[in-house]
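Student: I would like to learn how to read a protein–DNA model. Could you take me through one, feature by feature?

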There are 2 protein chains.
Amino acid sequence: MIESRDLLFRALADPTRRALFERLCEGGEQSVGALTAPSGISQPAVSKHLAVLRQAGLVAGRHAGRQSYYRAQPAALAPLVDWTGRMTRFWEARFDDLDDVLKRMDQ
Amino acid sequence: MIESRDLLFRALADPTRRALFERLCEGGEQSVGALTAPSGISQPAVSKHLAVLRQAGLVAGRHAGRQSYYRAQPAALAPLVDWTGRMTRFWEARFDDLDDVLKRMDQ
DNA sequence: TTTACCCATAACCAGATAATTATGGATTGG
DNA sequence: CCAATCCATAATTATCTGGTTATGGGTAAA
C-alpha cells in the first residue's frame, strides 16, 4: 500500500523513465524498438526502464510475435494526484485555522 | 526550467523526505530539532533532506536565534500537478481519437 | 566569560541505481 | 533448416544517494 506509492514516486524520479512514459501517453502503444530508437540509450536500458514502469503500474506490456508493445496506464497516477491534493488541503486547512484565530482576535 | 521539474520529482522520490514534507504540511512550521526527534534518523541527515526539499522549492527556512524553522510551500507542487494533468489529457485525447475512428467505421 | 545547545557542513562509507556489453530464447523470413 | 531480428536477462562497472560520525560557527544561558 504505502509500498506502491513509493514505487510510483521512485519510478517517476528518473527523467529517462518519465520521457518513456510521456512518449507512451502521447504516442500510444509502441514497441521496444520504436521506443529505443530516439531514446539515446541502449535497448537493454530501455527494457529495464520499462520493467520499472510496469512494476509501478504505469505501463502495461503485450507480446506480439517477436516484439513487445507497451502502453501507458495513466490511471496509475491517481495515488500521486491524491497525495498532492492531500498536502494542499492540509495547507489550506492551516490557512483556515489562521483565519479562525484572526477572527477570534477581532472579537 | 526542465531542470526544476527534475529537482521536484527527485526530491519527492525519497520516503523520508516525503514524510518531512507531510509533517510540515500538516503540522506547520517546525524547527530542525522538532523534525529530527520522531524521524528515526540523525540531525545531519534531516538537515540534508531539508536542503534538498528547499532546493526543490518545497520548503522554506527561517533562522531564529540558534534554531532554524522550516515551513512547507505546497505551491511548489504545481508543476507536478500540471504534468500529471497533461499526461492524463494525452490519454483522453487518444480515447477521443479512438471514438472518432469507431464513429467513422459505423458510417 | 564560559558552558551548553542548535544546526549546517565536511568527510566518509555502504548500498542502490543506471548505464554498458554479452548472451540466449523466441519468432519471423528466406 | 538457417539466418536474422527482437527483446529480456545476466554480468559488470561507475556514479549517485542516503546514512553515519566529526566538527565548527553562532546563539542563548549560567
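Tutor: Gladly. We start with the polar contact: a pair of N or O atoms within 3.5 Å; within protein, one must be able to donate a hydrogen and the other to accept it, and residues adjacent in sequence count only if both atoms are side-chain atoms. Here, a polar side-chain atom of B:Thr16 is 3.5 Å from a phosphate oxygen of DNA strand D. The model is predicted, so to speak of local features we need pLDDT of at least 70, and of side-chain atom pairs pLDDT 80 or more, while totals for chains, interfaces and linings use all residues; side-chain values use heavy atoms, without hydrogens and water. Residues are numbered from 1 along each chain as its sequence is written, with chains lettered from A and ligands numbered from 1 in the order in which they are written.

Student: What does A:Tyr70 contact on DNA strand D?

Tutor: A phosphate oxygen, 2.7 Å from a polar side-chain atom of A:Tyr70. A:Gly33 uses a backbone N or O atom instead, 2.8 Å from a phosphate oxygen of DNA strand D.

Student: Which part of DNA strand C does the side chain of A:Arg66 approach?

Tutor: A base oxygen, 3.4 Å from an N or O atom of that side chain. B:Arg66 also has a polar side-chain atom 3.3 Å from a base oxygen of DNA strand C.

Student: Which residues come nearest to DNA strand C?

Tutor: A residue is near a strand if one of its heavy atoms lies within 4 Å of it. There are 22 around DNA strand C, and A:Ser42, A:His49, B:Gly33, B:Ser47 and B:Tyr70 come nearest. Of the DNA strand C atoms within 4 Å of the protein, 61% belong to sugar or phosphate and the rest to bases.

Student: How does the surface near DNA strand C divide by class?

Tutor: Ala, Val, Leu, Ile, Met, Phe, Trp, Tyr, Cys and Pro count as nonpolar, Asp, Glu, Lys and Arg as charged, and the others, Gly among them, as polar. This surface has six nonpolar, 10 polar and six charged residues.
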